[in-house]
Amino acid sequence: MPTYTILSTAVESTTEEKNSEFITFLHPVTSREEAMVWVEVYRKQYPDAAHVCWAYVIGNTRQPLTQAFSDDGEPSGTAGKPMLHVLTERDVGNSLAVVVRYFGGVKLGAGGLVRAYSGAVSQAVNAAVLVAVTPKVECIVSVDFAREAKVRHLVNQFQGEILAVDYAAQVSLQIRLEEAQLDAFSVQVVNETAGTAIVKLNFF
């Protein structure tokens, strides 16, 4: 999985469309549960709002771990889905967008709603700070004592990190490195240790 971007800090912005006010909040989130907590915060904070629509995407927007949206009473497909579309198209991973709407007395129509909700989130994203994330994995390398130094050298070569070392019948090194490097690292470890080392993913 290549490097992707995620939302760094929360953002708030306000837009207006034909007297309707759209208050937009972007929040960094890492799970559905966290996203839903924030949605409830805004429902309670704006109890008199006409709608509190939301969308979130967790992980890489190109290969999300999970994503969802809600129109909260707006016509189907006119609020949450356009909001999610902005998050994915702008590569705003690990993010929740909440748009609080106060109705201004003029109906916007389906097309107008899509433009209004998309525009509200786009404006907030324009002010957002995104950070690049490179996916990493952890693995355990078990090797005899004589070849520990070779494994340590390879970890440095692949710009990995040794998290823990356990000395028992063999040496077990817990290693974190970029996901994209794992296959090449594993091949090198086996080659450099004459096939005596065992590399396995660290599931936790």
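Two strands are said to pair if DSSP finds at least two bridges between them. The legends below describe close-up views of a predicted model.

**View 1. Strand β4 pairs with strand β5.** Strand β5 comprises residues 66–70 and lies antiparallel to β4, the two being joined over 5 bridges. Within this pairing, Y56 has A68 of β5 as its bridge partner.

**View 2. Strand β4 also pairs with strand β6.** The sense is again antiparallel, with 7 bridges linking β4 to β6, which spans residues 95–102. On this side, the bridge partner of Y56 is L96.

**View 3. Helices α2 and α3 cross at roughly 35°.** Helix α2 covers residues 80–89 and helix α3 covers residues 109–126; their axes come within 8 Å. The crossing of the two helices is right-handed.

**View 4. The residues in contact between helices α2 and α3.** From α2, the residues P82, M83, V86 and L87 take part. They meet V114, Y117, S118, V121, S122 and V125 of α3. By residue class, this contact of α2 with α3 consists of 8 nonpolar and 2 polar residues, with no charged ones.

Terms used:
Residues numbered from 1 in each chain as written. Predicted model: local features only at pLDDT ≥ 70, side-chain atom pairs only at ≥ 80, totals over all residues. Heavy atoms only, no water. Helix = DSSP H or I, 4+ residues; strand = E, 2+ residues; numbered from the N terminus. Axes fitted to C-alpha atoms, helices over the stretch in contact; angles between N-to-C directions. Left-handed = near helix turned anticlockwise from the far one by under 90°. Contact = heavy atoms within 4.5 Å. Nonpolar A, V, L, I, M, F, W, Y, C, P; charged D, E, K, R; others polar.
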